[in-house]
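Student: Let's go through this one and ask what the labels really mean. Can you take me through it?

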Amino acid sequence: MSEPVGVVNASVTSSPRGLWCRLGPLWSLVSLLAIVYVVTLMNSFLGDSVQVQLQYALVNLIIVVALQIFIGTSGVLSFGHVAFVAVGAWTVGLLTIDPELKRNLLPDLFPFLFDLNAPWLVAVVIGGVVGGLLALVVSPVLMRLNGLQAGIATFALLGVVNQVLTYWSSVGPRSGQSMVGIPDVLNLQTTMLFAMAAIVAAWLFQRTRPSRLLRAAREDGIAAASSGINVVSQRIIVFAVSGIVAGVAGGLFALTNRVVQSSQLNIELTFVTLAMLVLGGMLSLSGAVIGTLVFSLVDVLLVRLQNGVEIGAYVVSVPQGARAIILGLILVGMLLFRPSGITGGREFVWPLRRERPLPGMPPTNES
Amino acid sequence: MTGQLIQSLVDALSAGATLGLAALSIGLVFGVIRLANFAQAEIITASAYCLIFTWELGWFIAVPLSILVAVAMSLLMEFTVFSRMRSANPATLLIASFGLSFLLQRVYELMFSNNVRTAPVASGLAQTVEFAGVRIQLLSVATIVIAGLLLLGLHLFLTRTSMGLQLKAAAADFRTARLIGIPAGRVIALSFALSGILAAAVAFVLTVQSGAVGPTFGVQITILALVGAVIGGIDKISGSLAGGFLVGFVTSMLATWLPQEMSNFKDAYVFVLVIGVLLFRPSGLLIKGRGVART
Amino acid sequence: MSIADDARFGSRQPGRGLRVEGLQVAYGGVPAVRGIDLEVKAGEAVGLIGPNGAGKSSTLLGIMGAIARSGRVLVDGQDLAGLPPEKVVRRGVALVPEGRHVFAELSVADNLRLGAVARRDRTGYSEAMEHVLTLFPMLRDFGHRQAGLLSGGQQQQLAIGRALMSDPDILLLDEPSLGLSPTAVDTVFEALDVIRAAGKAVLVVEQRAEFTIAFCDRTFVLHDGEITLTLKPQDAEKVDVLTKAYFG
């Protein structure tokens, strides 16, 4: 695409900012990393049972960051990112399971896959590449769509990928079965580093040209079009980048869960991760991080309560199953009373400065 | 071969009719307030639970009660959640309905457990009759008849009554409808109520089909209905209906005629088809030019 | 013009006008109308002209309660504060929206029927229908035709007819001449003349300044959400006034 320079471009790049404002975004990055670090540290106070939950939370965090990269930047809804997570998980599963075991457990694989093997770190990177490639391949079609249509089309992508992974035994287990034997190599600290890396990557990406152009286009589609921004090609870039991040998250999911099954990588995960993003606020990276962590911590707390917690002479507990209901209520309540999420779509800023809001979602159509 | 063809056609018509009704129930509400209500699934589930639990009291109690439950739930959703989100855009509304759907599923789990509940609902319809060498499921025929009657009734309501006309106008252009004095709240409530009735019909057909109801009973059909409504053109009532019918019909035909090793992937083919339709007719098959479905 | 002579055409209690005091409208914090005062008495036509974005449509939508507003909108001395559009219509205010917005897929007759949903009485329906069909005979001929198939001028007649079906005392029109041929514009304004003569208060937003100033009893020039000029019919001739009206 040619490099159009126009009104919108100028308005994103040249708004006057002081030194503090320029440091502001850096501050937001540092504070997010610090929050992730502190939350991960909590593990030592809360005991081992929480460790596993926290590791899942960090994997989810990366998925939500991937979602935010795309949804927050383009303003287009995606129900399809879990498809990239799924292919990432599949890739890491296929590359890390012991070849001997693979031959026995996944007999229908393409023969060349039997001996294909990689160290887990390399496998995770390849998982990211595969996720990104899938996103890139489907994006010329999907990125032309808007609104509800985009939501349905990305959902259809998830449906296709999920069904292929479920039934195509040449690339995985026989129909509906799970892939087992994934090595136990990932610990909480490493997962935390990955989560931090994802946040840094998303933060850096926010500062690139495609991301800025797309955010400008989201704010004002007409101005963007008239200044010659090719929204579709910018979206393709952003979609592919978020696909890479989602693919990496999928690889980490495989290493965390150590069993991969297509039914785990479907609508439910899509919904939970979207819920986390909505809770925090779709339009900011801080929203993605805060939403995931708050959601996960409330979940940790509720699991504890389900098992009963002694407070003084009383044992406080919530009934089994109430946990999901409470999480659902929190989400619906948030959408009702604060639809822009906990962060309201803003990034953290230097606390001594007035908040500089990121512009909100495109103006809603009345009725 | 012709026998099998006719049989598969009847089955596909019935699958299309069911999905058409489900898509219509989504489209009716969308036309008015731009909400693609995913929690329609839980209305269907609730109505189905009602059929299962009350069937032994007799169909003349169970069926009206299941309709009542569906309508009540539909209205309750509107009054407690969606009426407070009038200024939200369709994407936010869709997510909200996802949230509500998730929440209600968990409530059902808590109330009725994760296991399916069973009852021989209208087991008489589950038989197969042989007619001139063609084996036809009675339920398929019943489904087509039910759908036909409902559509006829809906059509008469929309064209012959003042309330129906108001609903039609609001679905076509809600803003103008309000500006010329059509009461918004009443029309919205009406669309939710009608949508509930359609959901009850879908629940009836599905419950007779499976005889077993679990917490996520309505999810599968609602996903397909949503997809169908969008590719048909969710902006228009007829678009939703036609899109839903198409998806149901094609899926059923694929299931019958695809070779065994490929039929596992039938949903994948349908989804690819859906992406194709959205690419070439983003506003829906029945909508000319660019529709008004906005983010 | 037999209808104009018919005293029953329109309201049974003539004399109800519209008063707007300090009307303000804003979109997301950006003001579109910054405190407008105007009055339209029964049997009077008032024009509202000004450049694009001056706040003309926002004024009408604000009066209708279709967008958030502050200030007072009085009909017959009663404030319409906080009423949604459907209630405002029931107080005797009807809007002919910009771009006509007839229900394209419904028949002409159904469009008119829908206009009567907000009638304050149940008895005057057929009478009102008769009046509208006399005012716009074309609508009688095309009763069963889909409204979307009518020409722009015919759709405008339908939109006005639909508004009249609610038996309003006050008729608001948003650019009724937009995109119409000169003869169609004449038809529309002849009808407005009849409606005014029947004792209704007419407030018309227009782009065609000269035409509007000549037709209306008073015309306000709106600029940046404020009334900057008040013009009389005889001002229509003065080109310099017009220039001022458009370029402030």
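**Labels and cut-offs**

Tutor: The contact draws 43 residues from chain B and 40 residues from chain A. This is a predicted model, where local features need pLDDT of at least 70, side-chain atom pairs count only at pLDDT 80 or more, and totals for chains, interfaces and linings use all residues. Residues are numbered from 1 along each chain as its sequence is written, while chains are lettered from A and ligands numbered from 1 in the order in which they are written.

Student: Which helix of chain B gives the largest share of the side that touches chain A?

Tutor: Helix 4 of chain B, with 15 residues. Helices here are DSSP runs of H or I, at least four residues, and strands are E runs of at least two, numbered from the N terminus.

Student: Where is C:S177 found, and what does it touch?

Tutor: C:S177 sits in the loop between strand 7 (170-174) and helix 8 (182-197) of chain C. Leaving out residues up to four places away in sequence, C:S177 touches C:V185, C:V188, C:E206 and C:R208. Touching means that C-beta atoms, placed from the backbone, lie within 7 Å.

Student: What is the secondary structure of chain C?

Tutor: Chain C has ten helices and ten strands.

Conventions: Two residues are in contact if their C-beta atoms, placed from the backbone, lie within 7 Å.
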